[in-house]
Amino acid sequence: MTSTLVRRAPAKHLPPPARKRGDRRLALIFLTPALIGFGLFYVYPAVRGAWLSLTDWNMLSEPSFVGLDNYERLIGDPLFWNALKVTGWYVVMTVTLQLGLGLLLAALLHRLTRSLVLRTLLLVPWLVPGVTTALLWTWLLDANLGFVNHLLTGMGLGNQGFLTSPDLALPSVSIINSWSGTGYTALLLYAGMLLIPKHVYEASALDGAGEIRLFFQITLPLLRPILAFVLVVSLISAVQLFDTVAVGTKPAGGPVNATRVIYLYIYQRAFTNFQMGYASAMALSLVLILGVLTFVQMRLLRASTSDLA
C-alpha cells in the first residue's frame, strides 16, 4: 500500500468578527466618560500634588522648586509625628470596635434573623452625614447640657468632659464614628456569610459543633477574603477622619493636640498657614504609608484566595 502525504495549508489568521470589534468600540464609548473623570479628578490631582510637594507654593504667588526640602522638614516636624501617632491610635480603636461589633451583629443576623427592617436600621447611622453626626454627639456629650452627662449625674457619677478632656477626647471620637460605621461593616460581613454554603454548617452541626465552634472554625476561616476587604476599607476610612474632630472639638484638634489627626493637620497647614507645598508632601507621604499598610494586610490575610474554592 502506498501512503499519500496530504500537505495541510497553513492556518490563516482570520480577522476578528465584526461583532466583536463593534462590542469593543461600544465598551470604549461607555468607558470614556469614566476614564475622563478618573483622569481629571484622580490622576491629574495626584500628579499635581506630587509636583507641589517639591515646591514652596503658598497659594499667593507662583510655586518655586525647592526639591526635597519639604520632606526634610517633615522628618523633623514633631507635630507631624504626633498627628501620625494620634491617627494610629484612632485607627486601632475604631477598626477594632467596628470589626468586633460588626462580626457580632452579622453573626446574629445570619443565625437568628434575616429581617429586612433590622438591616435597614443598621444602615441608617452610616447614611447620616459626618458633620450632622458630629453636631448630634457634641450636644449629647456636652459637659453642662448633654443628655449623657445628665444621666451620669443622675447616677451619681458626675460630669465628664468627653470631648474636652485630653484622655477622653480621642476615645470619644472613636466611639462616635464606630456608632456611625458599625452597621455598614456588619452588612458587608453579613453578605459574606450568606456566601457560605448551608451544608457546611449542617455537616458540622451533625458532628456536635455548637454555635461558638461553628463561628470560629467555619465562619471566620471562610470569611477571610471579606474580612480582608473590610479591614482595608475600614483602615482607609479611619485614616480619613476629619469632620468629627473639626466640628466636635474646640479648638479643632484639641485639647492639647489630643485629636489632631493627620488629615486635620494637612488641612491646617494648607488652608490656615497657606503652606500648600508642605501639605502636599505630607499628603503624598500618607498615600505611601497607606499603600504599604494595605499591601501588608492583603498579603497576610491572603485576600485573593478563599477556602470555598
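I began with helix α13, which gives the most to the lining of the largest pocket: eight residues. Helices here are DSSP runs of H or I of at least four residues, numbered from the N terminus. A pocket is an open set of points on a 1 Å grid over the protein atoms alone, where a 1.4 Å probe fits, with protein on both sides within 12 Å along at least five of seven lines; lining residues have an atom within 4 Å of a point.

Before going on, I noted that this is a predicted model, where local features need pLDDT of at least 70, side-chain atom pairs count only at pLDDT 80 or more, and totals for chains, interfaces and linings use all residues. Residues are numbered from 1 along each chain as its sequence is written, and side-chain values use heavy atoms, with hydrogens and water left out.

**Largest pocket.** I looked up its volume, about 700 Å³. Volume is the space filled by probe spheres set on the points, which are joined across faces, edges and corners. I found 20 lining residues, with Y263, S280, A283, L284 and V287 nearest the centre. Two or more residues each come from α1 (18-52), α12 (262-272) and α13 (276-300). I sorted the lining into 17 nonpolar, three polar and no charged residues. Nonpolar covers Ala, Val, Leu, Ile, Met, Phe, Trp, Tyr, Cys and Pro; charged covers Asp, Glu, Lys and Arg; the others, Gly among them, are polar.

**Second largest pocket.** I read off about 470 Å³ of space. Its lining has 25 residues, and Q98, W126, N177, G181 and S237 lie nearest its centre. Helix α7 gives the largest share, six residues. I counted twelve nonpolar, twelve polar and one charged in this lining.

**S172.** I stayed with α7, where S172 lies. Is S172 buried or exposed? S172 counts as buried because its relative accessibility is 7%; the cut-off for buried is under 20%, using a 1.4 Å probe and protein chains only. Leaving aside neighbours within four places in sequence, S172 is in contact (heavy atoms within 4.5 Å) with F162 and L163.

**Nonpolar cores.** A nonpolar core is a set of buried Ala, Val, Leu, Ile, Met, Phe, Trp, Tyr and Cys residues joined through side-chain atoms within 4.5 Å. I found 50 residues in the largest one, where L103, L189 and I262 have the most contacts. Helix α3 gives the most to this core, twelve residues. I then checked L103: beyond four places in sequence, L103 touches L189, M193, F215, L220, L223 and L227. A second, separate core has six residues, among them Y201 and L214.
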